[in-house]
Amino acid sequence: MQQTLKTIALSLALGIAAAGAASAEPVKVGFAAEPYPPFTSPDASGNWEGWEVEFQKAVCAEAKLDCVITPVAWDGIIPALTSKKIDIIIGSMSITEERLKTIDFSDKYYNTPTGVIGAKGVAFDATPEGLKGKTIGVQVSTVHQDYANKYFGENGATVKEYQTQDEANNDLAAGRIDAVQADAIALDAFLKSDQGQDCCEMKGNVKDDPAILGAGVGIGLRKGEDELKAKLNAAIKAIRENGTYDTFSKKYFDFDIYGG
Amino acid sequence: MAADTIINWGLLALEPPGWGGVLLRGLLNSIQIAIGGYAFGLLLGVGGAFGKLYGGPILRDLMECYTTIVRAVPELVLILLLYYAGTDALNHVLNLVGIGTVDISGLAAGIFVIGVVQGAYSTEVLRGAIKAVPAGQIEAARAYGMSPFKVMTRVTLPAMLPYAIPGLSNLWLIATKDTALLAVVGFSELTLVTRQAAGATKAYILFFCAAGALYLALTLVSNVFIKIIERHSRRGFVEQS
Amino acid sequence: MTDVTPPDVTTHAMAILPEDLPTAGSFFKPHRIVLLLIAAALVFCIVWFMRWDWLPQYLPRLGYGIVVTLAMLFSTSILGFLLAVPLGLVQVTGPWPLKALASGFCTIIRGTPLLLQLWLLYYGLGSIFPQTGIRHSFLWPYLRESWPYGVAALTISFAAYEGEVMRGAFAGVPAGELEAARAYGMSRWTLFRRIWLPRAIHRALPTLNGETVLQLKATPLVATITVIDVYAVISKVRQDTYITYEPLLLLALIYMCLTGILVVAFRYLENRIPTRGA
């Protein structure tokens with residue numbers, strides 16, 4: 001009887017796994033399942049919209065890949081990639097030395113400065129001295145977390161880590177923290193929102209440190225998938241050259257997000 | 001955001017720009033995972049309970065380890081471990097057996113992790129229930145020359161059901177609430193879509209309360225069915241006051 | 001199904017209890033020795049072949065995280081129990097508005113996921129702070145922190161589950177005992193203080209074991225609202241090092257040890273206070 005039971009249990013486990021097995025080949029595009037305007041944010045019909053969603057569509061179309069959007073938790077996005085739950089990351093992920101030890105990146109597809117925002121009426125600037133004694137919010141597993149810990153945390157500021165950017169912005173609006181460090185474009189989108197307009201203002205960009213902040217944002221992929229990497233690089237190059245990139249970028253930004 | 005109305009009910013409308021439809025789809029996902037995980041857990045539980053009661057010493061000890069670990073480690077930790085490592089390990093095993101890797105969807109992974117957790121709980125509930133079945137009934141079935149499998153399906157399972165139902169119905173309610181933990185791994189069930197909706201609209205209190213109402217409705221509706229099933233299963237029992 | 005109430009069965013199924021502890025002698029069976037050897041080999045493989053070089057660096061923070069987890073556990077269990085007593089009592093004897101309020105409270109809390117309640121408290125309340133004058137109140141230094149919300153949510157949840165138990169415990173005190181007390185001429189308050197409450201708590205004590213272990217299993221949720229407990233420390237390791245499995249395995253081990261210590265402590269207490277079968 002034990003044998004029967006074991007067989008039943010095993011076949012069931014396999015059955016469920018097999019039922020979940022999708023037909024082969026589509027590329028699963030992972031990005032963080034959270035609002036990160038203007039790059040990715042969910043809309044009321046359950047779809048995702050934003051600059052990065054358009055970028056993803058353009059790249060997949062150019063590279064003739066059958067892409068499926070697969071939202072995952074940001075703090076688990078690299079394990080999700082290495083355990084093959086997703087195949088590529090298009091999630092505003094900066095290319096850094098640290099990450100390159102674990103995963104691979106395509107060429108960069110945008111590069112923006114890093115800013116700090118804070119409550120209106122409290123004057124300070126985005127320097128270690130200005131943030132001394134203040135609490136600064138960052139998103140976990142980001143270059144901003146590393147930067148804030150090194151430059152502000154070791155100089156008398158408290159660094160508070162949030163699972164999503166949205167939570168950090170929210171706690172700034174609620175007054176629980178004094179400042180938020182993040183991508184300047186994402187912060188700008190927040191400052192333009194109703195909530196951000198009421199509470200906060202830009203305090204300036206931080207001093208660049210390419211070793212931590214990286215050299216722009218690239219598509220993350222598993223190591224050793226050189227064929228896919230070449231395809232993605234070619235696609236990024238193509239949409240840059242044929243004007244597609246500029247067309248959809250103009251809908252969101254009045255400057256060149258690709259950076260120098 | 002207009003300050004004249006504190007609550008903007010329009011945000012809950014079923015059609016965009018309202019987020020009601022998204023919430024309901026999230027609820028549907030939650031229910032799917034709860035049903036799948038519960039059923040998978042029940043099967044694991046039947047196997048586990050019989051293994052614990054009638055299995056050899058080694059099987060019994062392995063089952064004991066399984067239930068002890070699940071009962072001592074927080075669900076959230078188990079879910080993370082199973083979600084990242086469990087599906088990976090399953091693929092390794094399948095590879096070794098020679099079936100080749102399968103592409104495990106988020107839904108299947110969710111059902112798998114909830115099922116493994118529920119399996120340990122239902123093992124314990126069912127073991128208690130089987131022990132409550134008078135031993136004479138099972139002995140009588142054996143004396144008739146029934147095969148062990150037949151004893152299980154014809155006598156043990158039906159006879160223990162009334163004893164198991166209160167515990168099993170509680171486990172169902174727990175399964176529905178445990179699905180919320182999948183929000184932490186980014187699965188689009190009710191709690192996560194609620195947070196996305198709240199984050200996008202900044203109407204936190206409205207959406208969290210709406211999701212709470214949906215979960216509560218699920219519990220209350222379940223309770224009605226549980227009452228019916230309990231009454232049905234206790235037919236022929238002497239009412240105890 | 002004679003004297004065991006269903007909630008008890010479920011709690012036992014979900015939380016390990018003192019009676020599940022193995023005896024020392026039970027390990028010396030031949031097959032168990034073999035199994036233990038296999039387990040030891042497995043542990044050795046995990047230690048030897050997986051990456052643990054990050055561990056020394058994070059040890060102090062892990063210790064701090066464990067302290068936070070335990071502080072959360074004990075403060076919320078005690079506060080929750082104190083809240084559960086009145087919740088149970090008014091459901092048994094209170095006037096109907098209070099009765100309805102208390103049972104409605106228990107139903108709502110027990111019918112919704114703790115994670116949702118936690119987020120409602122933290123982010124929901126946070127979103128209305130800008131519109132209120134609360135930032136200038138004396139409470140602000142506390143409301144600014146995240147742990148009060150964790151404590152509040154865990155306390156409320158514990159109170160709701162244990163309140164249901166207390167209701168049964170109050171209702172289950174034999175009427176004869178209360179009548180005897182009344183016949184002695186005790187006032188209502190004396191009767192409550194001397195007979196009803198102690199007897200009800202005595203009846204509810206065995207359930208506290210399970211509820212407390214379940215509460216420990218609920219504490220890691222507070223990490224999602226930025227409280228740095230042991231779960232949050234492990235999350236930080238995962239994010240800093242991009243190692244997934246090793247930190248999670250260690251975390252599971254830590255929780256197993258905490259649960260084990262808790263259960264052993266309960267067995268010790270149980271042996272000193274004879275409660276079973278009361």
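View 1. Helices (H or I, at least four residues) and strands (E, at least two) are DSSP runs, numbered from the N terminus.

Before you zoom in further, please keep in mind that this is a predicted model, in which local features need pLDDT of at least 70 and side-chain atom pairs count only at pLDDT 80 or more, while totals for chains, interfaces and linings use all residues. Residues are numbered from 1 along each chain as its sequence is written, and chains are lettered from A and ligands numbered from 1 in the order in which they are written.

**View 2. Chain C meets chain B through 38 residues of chain C and 43 of chain B.** Contact means that the C-beta atoms of two residues, placed from the backbone, lie within 7 Å. On the chain C side, α1 (6-14), α2 (30-49), α4 (96-111), α5 (114-128) and α11 (245-272) each supply at least two residues. That side has 24 nonpolar, eleven polar and three charged residues, where Ala, Val, Leu, Ile, Met, Phe, Trp, Tyr, Cys and Pro count as nonpolar, Asp, Glu, Lys and Arg as charged, and the others, Gly among them, as polar.

**View 3. Chain C also touches chain A, with 13 residues of chain C against 18 of chain A.** Both α5 and α10 (230-241) of chain C give at least two residues to this side, and α5(C) has the largest share, three residues. By class, the chain C side holds four nonpolar, seven polar and two charged residues.

**View 4. An open, mixed sheet in chain A has five strands in the order β4-β1-β5-β12-β6.** Strands pair if DSSP finds at least two bridges between them. β4 (67-72) and β6 (104-110) of chain A each have a single partner strand, so one side of each lacks a neighbour in the sheet. Four bridges join β6(A) to the antiparallel β12 (217-221) of chain A, and Lys108(A) has Gly218(A) as its bridge partner in β12(A). Helix α10 (226-241) of chain A packs on the sheet, touching β6 and β12 of chain A, and its direction makes about 5° with that of β6(A); axes are lines fitted to C-alpha atoms, for helices over the stretch in contact, with angles from 0 to 180 degrees between N-to-C directions.
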